[in-house]
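Subject: Structure handover

Hello,

Here is the structure for your files. My notes on it follow below.

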Amino acid sequence: MAGNRGRGRSQFTFNVDALGFGRGDSLPSSAQTPSPLFPPMQFRPVPLHTGEEVDYMLALKQELRASSKNLPFHIKAARTKTDVARYSDKYQNGEPKNNCIEWSPDWSRMPKELCIKVRKTRKTAIGARPQLTPKVAAKKEEVLQKLETLEKREEEQHSEEEEDEEKKKKNDEEEEPDADEDYDEEELEDETDYIMSYFDNGEDFGADSDDNMDEAVY
Amino acid sequence: MTAQEVRLCGLLLQEHFGDVVEKVGTHLIRSGVLTLRALAHETKLPLDLVKKSLCVLMQHGMCAFGAGRRGPAGPVEYHIICERILHMLRYPRYIYTAKSLYGDTGELIVEEILQRGQMTMSSTVKTVADRLTHNMPEGQSMDYSEVVSAFSRLVETHFLQRCPPLASAESSSSGEVNTPLPAVTKHTEPEDHPECYKLPYINLTGQGKRRRSSEDGEAEQRAAKKAKTDNSERGDEGIYWQVNFQRFHLHFRDQAIINAVSCKLDQTSGEIVRTMLRMSEVTTSAHAAFTQALSANEIFRALPSSYNIARPILDQYLTLLVDDPMEFVGKTGDSGGGMYVVNLHRALANLARATLESVVQERFGSRSARIFRLLLRKRHLEQKQVEDFAMVPAKEAKDMLYTLLSENLVQLQEIPKTPDYAPSRTFYLYTVNQLPTARLLLQRCYKTVGNLIERRLYETKENKRLLEKSQRIEAILASLQATGAEAEQLTEVEEMITAPERQQLESLRHHINKLDSSENQVDETIFLLESYINSTQAPR
């Protein structure tokens, strides 16, 4: 308070010795730069555990990491096409597409809105050729039915009375693209005399290394 | 969710599932609960990619959905279960435990189910049998029944459990109007379901198939098609199994206690505690503070026959265990030769305390550790008392205390003598609170693992060109050897990697191994601290 200001001017209100330095000593110099990013350590860290168990778990960890990249759960976004549409596009089916999922989850355990078309891997079964002719006739009806289902599907996002119908239609719809894709692939494959790698347009070559390549490549 | 946990979850998701799932996952963790449309709009990703990511996360049990704020009629809302993502760090430990308990078959079963999130029993058995057959010598194959028995043993000891059914699955096919979607707030444990550990009856006979080269590819395709249609007749459609992480964690906790006892006392005491824990496995609930009381007679009978100790020696060991200051074992009565319990929560608290002390010792030196231990024991001490009890000179004691204070490992408590908190008339007491300090250390551990992962990614990225080159050369070598090339060609190919490059590769591998190994070791500390913190919270 105001009372004691004149007398005992250099008295502090607490015990100065407790601070760790005397009255006359200079204060420790203030820091002029931010503290270093990797300050020198006074004590070295203890070495890691070693042993068979540790090595085995290390190998397991690396294996898990490598194999999880190959599982269908590793999702890669489809590359957006920056070029013009090319003839070889219809022969290239190895790229992941955004609108289909590579594995088939149990849709009954997930909310309906997450349902996506399950991607069927290309099958090279040659014995399916004789099945083509009856499929051509059925294809037109399937296309009409598919259009109808797509229309209906837009309307029934939130209504619950049509849940069962939707389920039935989805089951039908899932089988249709399978038939369509098989048919398309076999017909196309029969038309060409070239192996699939002929249609490799070199898109993958150097696609990953475009960090600083703003200039055109000569 | 703390910032460090979110960062670590993001790195783990990216490592296992790619950038898309990482983006979706971290955004959902930060936002809490979101609908599908909101999530797609905020992450600016195409809707299909968001749907796929949510499917992946739900398959692995990391994301759950429920009726939104507008009730069952409104859009579904999703939220992330963060601890499941953090469990991904511990997958190698789970797999190794399964291997040590149930052999290679058990190991592969757990590995398959961990990688795929949830699987039916029949598909697991088939995949594991095929994998085992692949590794067996030519002509032999793995029978399904062996895999089924390993699976049953895992389920009996509760290491695997059924995935909980959704409430909507219970609605009858007559199409009721009110779909009973599970509410977001209600949390159903898988163990609430009475058939959690019941094995389904499946009609599965056969042997594992060896994967042949591409000549038989078509036969395989036809067989695979046939197998798919067979699946629906197996009898266990819709029954999915997942790994019971809580059971694994209880096993790890028991292991930690037994190791601690063996290290502190001796091997025989460790065996006695192991016997006690084994006997009370089924009778103790997951959150119990101590096991059921066991009489000394029972313990004596249950000891493994290889430990031929006499009855009075056992009594002496038990007395030693009870008197030990770590308080692992307690005596609750005298009937039956003495009733003993294992104090689980007390043991966890002591193990966590030992971890904290060891961290202070390794970071700040043994004298700071002595001050830290002193404060843990004596609760509140003034500066002068600290200097006296720790037998450390005053100036150094001040220095160490201030360092610990700046790292937040030690706190200052003010006790005023007068209401105006004048510094000369206030007691300043130093104190250590174990629980907040453990939480602090846990966050530091998460940060550490995040840093380790980032460093590993950086190292890999720096040497990407070299790694790709070495992979290509290995592939060339493998194909040359398969087609039977001469030794000259092989050496020619090998020389494509120069000696300094080889050295660089070697040191890169060494670094990555070290970083991976460190992650595993930090995870052990994380497990201990997490168990301790969870044990202090009241069970839900």
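Over all chains, a search of the whole structure, which is a predicted model, turns up 28 salt bridges. One of the pairs joins B:Asp516 to A:Arg65, with 3.0 Å between the closest N and O atoms. This pair crosses between chains: B:Asp516 sits in helix α21 (residues 499-536) of chain B, and A:Arg65 sits in helix α1 (residues 52-68) of chain A.

Next, a helix pair within chain B. Helix α11 (residues 267-279) and helix α13 (residues 311-323), both of chain B, have axes that come within 10 Å and cross at roughly 85°. An angle of 65 to 115 degrees counts as roughly perpendicular, so α11(B) is roughly perpendicular to α13(B). From α11(B), the residues B:Thr268, B:Ser269, B:Ile272, B:Val273 and B:Met276 meet B:Leu314, B:Tyr317, B:Leu318 and B:Leu321 of α13(B). In this contact of α11(B) with α13(B), seven residues are nonpolar, two are polar and none is charged.

Last, the surface of chain A. A:Val143, A:Leu144 and A:Leu147 make a nonpolar surface patch of about 280 Å². Of these residues, A:Leu147 lies in helix α2 (residues 132-155) of chain A.

Regards

Conventions:
Residues are numbered from 1 along each chain as its sequence is written. Chains are lettered from A and ligands numbered from 1 in the order in which they are written. This is a predicted model: local features need pLDDT of at least 70, side-chain atom pairs count only at pLDDT 80 or more; totals for chains, interfaces and linings use all residues. Side-chain values use heavy atoms; hydrogens and water are left out. Axes are lines fitted to C-alpha atoms, for helices over the stretch in contact, and angles run from 0 to 180 degrees between N-to-C directions. Helices (H or I, at least four residues) and strands (E, at least two) are DSSP runs, numbered from the N terminus. Angles under 35 degrees count as roughly parallel, over 145 as roughly antiparallel, 65 to 115 as roughly perpendicular and the rest as oblique. Contact means heavy atoms within 4.5 Å. Ala, Val, Leu, Ile, Met, Phe, Trp, Tyr, Cys and Pro count as nonpolar, Asp, Glu, Lys and Arg as charged, and the others, Gly among them, as polar. Patches are made of residues with over 30% relative accessible area and no salt bridge: like charges are joined within 9 Å, nonpolar side chains (Val, Leu, Ile, Met, Phe, Trp, Tyr) within 5 Å. Accessible areas come from the Shrake-Rupley method with a 1.4 Å probe; for residues, only the protein chains shown count as cover. A salt bridge is a side-chain nitrogen of Lys or Arg within 4 Å of a carboxyl oxygen of Asp or Glu.
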